[in-house]
Amino acid sequence: MVLDGFEGLGSGRRSLGRSSAPSLPPPGRESTAWILARINECCFELGLDSDQNVRRLVALCGTLMGAIDVTYDRLRDGHLRPAYRWTEATGSQAVTDRVGPAGTGPASAPPPATNGDAGAGAMNGLQVLPVEGGTRVTMGVRYGGVRWGVLRVELDRVLVVGDIDRRILEFVAAAIGIEEQREHSDVARRQTEERSRLVFESIRDGLGIVDPAENIVFANQAYADILGYTREEIVAKNLRELLAPGELDKVLAETAKRREGQASVYELAMRRKDGEIRQIRVSAVPWRDPAGTFIGTIGAIVDITEEKRIEAERRDATARLRRAVEKTIQAITTMAELRDPYTAGHQRRVARLAAAIARHLGLDDEKVQGIYLAGVIHDIGKVAVPAEILSKPGRLEKAEFHLIQAHCTTGYDILKEIEFPWPIAQIVLQHHERLDGSGYPGGLRGPDILPEARIIAVADVVEAMASHRPYRPALGVQAALAEIRQNVGRLYDPEAAEICARLFEREGFTFD
Ligand SMILES: [Fe+2]
């Protein structure tokens, strides 16, 4: 402890043994330097503990002045309350709790006169009052522009306050004021630290700090709880000990990012104390000292094991639902094909080719799946066409042809109420539309036709021409591709047509 304002008194800075009491005045006690040295010893020996320092200063005052009783009354909330008392017989002791409730700082206005002669007047400086059998001296304790309290000294003799007594009182009062101010700022600092601690402890996320070598240097309770350790156990660990097998490289890569100043959120499998592997989401930010040097990572961790389990279950449920939709569509197709053996297999072959085109076009799996299923069911509307028309070997009458053309709208009507994850009903409705508007039933043009429907249109024409039909023998794949090439861009989507030709000619695609 260095008493601000008293620097330069080298003799006062030497340490006394812990048991040593302030020395009794030797010859030359009138020396200001000697008094200050004793004051400095009081504070120096006990270091930064302001409580102890004030207690010692009260005792020193009594000893130096040859008093029988010295009391230090502290000013709190405008009232003087006894804080420390020293008597010749009992030594010094604390009278009340050292620190009041939060927010009760010292007042800067004089307090009401609640303590007899140690009232408003006493706050302002030195007062000497003759009392029965002796003298009472009071001295206001002020420092840093703040009134901290009153020092009250009882003597069993009549005191004529001389220069030395005045100096002792002034210096002791100043030293107490310094300690009070230091304690007050410590209290404010401790309150800030306590607030920070409460914030750390009250949040549900685990908060931990690891140094650059992945040693855990701080962990809040939630952090320890997530990993099944006590806080004492967890701060003795290195993060590497807590990782599930195979996770070290990820952590090292993340630490490297932190060194570059990057924050990130990532998932990590960690091993609890009981051996259980948990999925953890880590939000990590670099921790730097005031000079900007990387000194570790501050990480918030959340156990997402349950979240991941629910997510996986949801994925499974969705996949099961998809499979059910697929099986249902195939069941409908099988049923329809029972009464229309000539086109049996047509839809499945179209579906396979359309899906292959879609995949080669770079569409995602989700879209490819939708196109496949739309292909499987695209002619479902033919259930409304009399079987004898479907299987009629010769040329169709105009009315018969119109009945067959209606299969697009019929198929749409059958499917439109079903909430597929894909626009299946629309694709079925549009699979006979052509780019130049010459198709049916809507006469839609180019971009108004769904891409999925344009793909199925190409696959449908190729499969139909390549295969046997009731009214004609199979024309073959080459003839089908020639038809597509001849009308590419006019009737058929150029990209789908090109991919389709490539599949047969270069990728070895077959309908078998
Ligand atoms: Fe069709």
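A nonpolar core is a set of buried Ala, Val, Leu, Ile, Met, Phe, Trp, Tyr and Cys residues joined through C-beta atoms within 7 Å. Buried means that 20 or more other C-beta atoms lie within 10 Å of the residue's own; 12 or fewer is exposed, in between is partly exposed, and C-beta atoms are placed from the backbone. Keep that in mind for the cores.

Some housekeeping. This is a predicted model: local features need pLDDT of at least 70, side-chain atom pairs count only at pLDDT 80 or more, and totals for chains, interfaces and linings use all residues. Residues are numbered from 1 along each chain as its sequence is written. Helices (H or I, at least four residues) and strands (E, at least two) are DSSP runs, numbered from the N terminus.

Cores, then. The largest nonpolar core has 45 residues. Those with the most contacts inside it are A354, I357, I456, V458, A459, V462 and C500. Several helices give two or more residues to this core, including α8 (305-338), α9 (346-360), α10 (365-377) and α15 (451-466). Also on that list are α16 (477-486) and α17 (494-505). Which helix gives the largest share? That is α15, with 10 residues.

Look at V458. A contact here means C-beta atoms, placed from the backbone, within 7 Å. Leave aside neighbours within four places in sequence, and V458 is in contact with I357, I484, Y492, D493, A496, A497 and C500. There is also a second, separate core of 40 residues. I35, W86, V137 and M139 are among its members.

Now two helix pairs. Axes are lines fitted to C-alpha atoms, for helices over the stretch in contact; angles run from 0 to 180 degrees between N-to-C directions. Angles under 35 degrees count as roughly parallel, over 145 as roughly antiparallel, 65 to 115 as roughly perpendicular, and the rest as oblique.

Take α9 and α10. They pack at about 160°, with axes 7 Å apart. That makes α9 roughly antiparallel to α10. On the α9 side, the residues that meet α10 include V350, A351, A354 and A358. On the α10 side, V368, I371 and Y372 are among those that meet α9.

Next, α16 and α17. Their packing angle is also about 160°, and their axes are 10 Å apart. These two are therefore roughly antiparallel to each other. V477, L481, I484 and R485 in α16 meet A497, C500, A501 and F504 in α17.

Handedness needs a convention. A crossing is left-handed if the near helix is turned anticlockwise from the far one by less than a right angle, and right-handed if clockwise. The α9 and α10 crossing is right-handed. α16 passes α17 in a left-handed crossing.

On to the sheets. Strands pair if DSSP finds at least two bridges between them.

Inside it, β10 (residues 277-288) pairs with β11 (residues 294-303) over 9 bridges, antiparallel. R281 stands opposite V302, and S283 opposite A300. Their hairpin has 5 residues between the strands, and G292 takes a positive phi near 95°. β7 (residues 206-210) runs antiparallel to β11, joined by 5 bridges. There, I209 stands opposite I298.

Last stop, L248, in helix α7 (residues 248-259). Is L248 buried or partly exposed? Partly exposed: 13 other C-beta atoms lie within 10 Å. L248 touches R240 and L243, not counting residues up to four places away in sequence. Its C-alpha atom is separated by 9.5 Å from that of L268, 20 residues apart along the chain.

Note on methods: Two residues are in contact if their C-beta atoms, placed from the backbone, lie within 7 Å.
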